[in-house]
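Here are my notes on this one, in the order I'd go through them. Have the structure open while you read.

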Amino acid sequence: MDRIRIAGGGKLHGTIPISGAKNATLPLMIASLLTDQTLILDNVPRLADVGLLQRILGNHGVDVMVGGKRPGESQYDGQTLHISAARIVDTTAPYELVSKMRASFWVIAPLVARIGEAKVSMPGGCAIGTRPVDFLIMALAQLGVSIEIEGGYVIARAPNGLKGGEIDFPKVTVGGTHTALMAASLASGTTVIENAAREPEITDVADCLNKMGAKITGAGTSRIVVEGVPKLNGARHSVVSDRIETGTYAMAVAMTGGDVMLENARPEQLQAALEVLTQAGVDITPTNSGIRVARNGAGIAPVEVTTAPFPGFPTDLQAQLMALMTRAKGTSRITETIFENRFMHVQELARLGARIQLAGETATIEGVDKLQGAQVMATDLRASVSLVIAALAAEGETMVNRVYHLDRGFERLEDKLSACGATIERISG
Ligand code: EPZ
């Protein structure tokens, strides 16, 4: 298994190109199942999860062709996928595949909406929480889908098609909103989604569906209206840039000190996180091409943060912020409200000398003057990158084990950081 070796202590200087968003790419690729024509996606990141989803879609009969490199294209430019679900040959998503990537459960929506049936394995729990899919199932039932649970599979049927309806989520859910949007797009009549997720990835998927011929209004707000259409077409869409990757590198610069330009970053996508970084004493300057992040001289000030659905502080940046606060001048508090078990990084950060107390949903972090390199273990995608951030500022060498977690969601992390002066390398096998 690959590991990453980091010798900490250097500041970061230079430019980091931000890739397309993993959490927009996955639902966009799944949306290709809604049409028999080709969906072309540009700015697709080269991630393990994207590769795995290609295999999962292939299981349903979807052809994915990767566009060739174009003149002037750099190694950092996203890839272009030509995705064709002309003929769906299988409407079952097996446990072996779904259990590897939870988001693949969302194929249930386009399959039952377009074909009238789907048999999809329940995803099961994961490192950060139980993560049930009851709200997604509720949304489909609201659109007239009959649901059976059998042998760990959700069997969804709608032989006469879906019917528009009212969906009111008891709690904001990103996956539930993606599922409702895709299903309602091909339902007959009008669907109203209340308490919808407002994440930029939701807006990106709605934009793409509208290019495919859907009639969606209100995406990005908590009330979305979908006028169903009988058929969707092909389209070309460029994936929105990754706000979590943006926030992660901003935290890395804040941790080490330095001055870095985050190219393609969109400040309006992560206002809450940028405000917290400003409170912590980091200089944040939006520019025409991205965001400039700098910290020179001044120490890191402690903050109090509670995670929340967009536009609140994203749970996917919680671990990275905690790493930063391990070196703050004082006491910070971070409360995690989205996932019940998202503090796996605490014990690993403690191995680097961090002082963190956990009480229920809240972590109290006593800032220390210095961290010391050590062997640490990645446990999930965002926790693993928080260890990289801490190691960049730790004295001596850190070895991060099980980096396959990182590869799921960060494209060329070592290249991007070493291009800015970090001493970081991957050790294969
Ligand atoms: C998406 O997960 C993201 N994944 C997550 O990013 C992200 O952390 C999460 O949204 C919140 O922003 C992708 O986009 C692929 P939810 P999702 O449904 O859709 C509960 C990463 O690191 N819930 O918004 O699964 C659920 O347990 C990943 O990139 C139910 O109870 O999250 C959680 O407590 C990690 N029943 C809360 O709602 C349901 O049916 C929010 O979950 C659905 C959700």
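1. Start with I40, which sits in strand β3 (residues 38-44); helices (H or I, at least four residues) and strands (E, at least two) are DSSP runs, numbered from the N terminus. Mind that this is a predicted model: local features need pLDDT of at least 70, side-chain atom pairs count only at pLDDT 80 or more, and totals for chains, interfaces and linings use all residues. Residues are numbered from 1 along each chain as its sequence is written, and side-chain values use heavy atoms, with hydrogens and water left out.

2. I40 is buried, at 17% relative accessible area (buried means under 20%, exposed over 50%, partly exposed in between; 1.4 Å probe, protein chains only). Leaving aside residues up to four places away in sequence, I40 touches T80, L81, H82, A235, R236 and H237 (contact means heavy atoms within 4.5 Å).

3. Helix α10 (residues 318-325) is mostly covered, with eight of its eight residues buried.

4. Now the ligand. Among the 23 residues around it, D134, F135, T173, D316 and I338 come nearest (near means a heavy atom within 4 Å). Helix α5 gives the largest share of this shell, three residues.

5. For polar contacts (pairs of N or O atoms within 3.5 Å), look at T173: a side-chain N or O atom there is 2.7 Å from a ligand oxygen. For R131, a polar side-chain atom lies 2.8 Å from an oxygen atom of the ligand.

Terms used:
A polar contact is a pair of N or O atoms within 3.5 Å; within protein, one must be able to donate a hydrogen and the other to accept it, and residues adjacent in sequence count only if both atoms are side-chain atoms.
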